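Here is a friendly walk through one protein model, written for someone who likes to see the cut-offs spelled out. Please keep the structure open beside the text as you read.

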Amino acid sequence: MVLHILFAIIFLFMFTFVIGGYSAAPWVPARASDVTRFIEAGEILPTDVVVDLGCGDGRLLFAAMRAGAAEAIGYEISLLPYLIAQVRCLFTPRNIRPKIYFRNFWKADVSRTTVVYTFLMPKSFDHLLKKINELPNGARLINYVWELPGMTPEKIFEAPKSLKLYRYRLQTAPTIPATAPLN
Ligand SMILES: C[S@@+](CC[C@H](N)C(=O)[O-])C[C@H]1O[C@@H](n2cnc3c(N)ncnc32)[C@H](O)[C@@H]1O
């Protein structure tokens with residue numbers, strides 16, 4: 001009986017790990033030194049709502065809350081890092097605790113987000129480019145390792161022996177009111 005339960009748990013961990021890898025990227029946590037760089041690149045303000053799409057064990061979100069973000073929200077589909085994040089939440093004071101959901105981020109509502117962190121595989125970038133259309137005007141997107149196709153970064157963060165961070169400022173096309181006078 002105990003063996004069956006153990007087997008089921010290991011199967012669930014492995015299955016959800018594979019789903020994450022298939023969907024956008026497997027769980028590979030950002031290095032501690034790069035967490036600090038992510039936070040610096042985000043230039044987090046006390047009004048910011050920070051989201052990590054595929055948050056792993058939540059390390060970027062805990063750091064964002066410590067840096068003073070109003071809210072930090074993460075979505076994770078792989079069970080093991082999600083549970084680690086929840087355990088960390090238990091030991092984190094409520095005022096600096098992020099919200100972490102066991103959920104597919106492609107279906108998440110990101111309309112209130114002002115800073116987005118992404119560390120995903122390039123195979124998911126086509127889909128990601130559609131998802132970021134749901135972000136509000138002026139939101140900052142910080143992407144790890146790879147440049148996003150067809151987008152010009154506002155700033156590139158480089159450090160010795162570290163991977164690059166690309167920051168984008170998202171702008172939706174200005175809409176011209178139908179009644180605007182033609183000059
Ligand atoms: C490369 S890891 C990055 C983890 C974390 N952001 C960090 O920097 O430490 C990518 C994470 O995205 C998760 N993931 C992939 N597709 C997902 C999806 N559709 N919904 C939620 N999480 C997903 C994976 O399980 C994995 O933990």
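Glu 43 is partly exposed, because 13 other C-beta atoms lie within 10 Å of its own. The scale behind that label calls a residue buried if 20 or more other C-beta atoms lie within 10 Å of its own, exposed if 12 or fewer, and partly exposed in between, with C-beta atoms placed from the backbone. Glu 43 sits in the loop between helix H2 (32–42) and strand E1 (49–53). Its phi is near 45°, a positive value in a residue other than glycine.

Before going further, please note that this is a predicted model, in which local features need pLDDT of at least 70 and side-chain atom pairs count only at pLDDT 80 or more, while totals for chains, interfaces and linings use all residues. Residues are numbered from 1 along each chain as its sequence is written. Helices (H or I, at least four residues) and strands (E, at least two) are DSSP runs, numbered from the N terminus.

**Loop residues**

The loop between H2 and E1 also holds Ile 44. Ile 44 counts as buried, because it has 23 C-beta neighbours inside 10 Å. Leaving out residues up to four places away in sequence, Ile 44 touches Ile 39, Val 50, Ala 64, Ala 67, Gly 68, Ala 69 and Val 115; a contact here means that two C-beta atoms, placed from the backbone, lie within 7 Å. From Ile 44 to Thr 113 there are 69 residues in sequence and 12 Å in space, C-alpha to C-alpha.

Another loop, between helix H5 (125–131) and strand E5 (140–144), contains Leu 135. Leu 135 is buried, with 20 other C-beta atoms within 10 Å. Apart from neighbours within four places in sequence, its contacts are Val 110, Thr 113, Val 116 and Leu 170. Leu 135 and Leu 45 are 90 residues apart along the chain, and their C-alpha atoms are separated by 17 Å.

Lys 161 belongs to the loop between strand E6 (155–157) and strand E7 (165–169). Lys 161 is exposed, with 5 other C-beta atoms within 10 Å.

| Residue | Phi |
|---|---|
| Glu 43 | near 45° |
| Gly 68 | about 105° |
| Lys 161 | about 60° |

How many of the residues of H3 are buried? Seven of its eight are, so this helix is mostly covered. They are Arg 59, Leu 60, Leu 61, Phe 62, Ala 63, Ala 64 and Met 65. The elements covering them include H2, E1, E2, H4, E3 and E4.

Helix H4 (residues 79–90) has twelve residues and spans 17 Å from its first C-alpha to its last, close to the 16 Å expected at 1.5 Å a residue. The expected span is 1.5 Å times one less than the number of residues. Pro 81, Tyr 82 and Ala 85 are the buried residues of H4. Seen down the helix axis, these buried residues fall within an arc of 105°, so they line one face of H4; the arc is that of the directions from the axis to the C-beta atoms. They pack against strand E2 (71–76) and strand E3 (99–102). On the face turned away from the buried side, H4 carries the exposed residues Val 87 and Leu 90.

**Strand E5**

One of the bridges joins Tyr 117 to Ile 142 in E5.

**Around the ligand**

The ligand is surrounded by 24 residues, and the closest are Gly 20, Ala 30, Gly 54, Gly 56 and Ser 78. The shell divides into 15 nonpolar, six polar and three charged residues. Ala, Val, Leu, Ile, Met, Phe, Trp, Tyr, Cys and Pro count as nonpolar, Asp, Glu, Lys and Arg as charged, and the others, Gly among them, as polar.

**The whole protein**

The protein has five helices and seven strands. Of its 183 residues, 34% are buried.

How values were computed. A residue is near a molecule or strand if its C-beta atom, placed from the backbone, lies within 6 Å of it. Two strands pair if DSSP finds at least two bridges between them.
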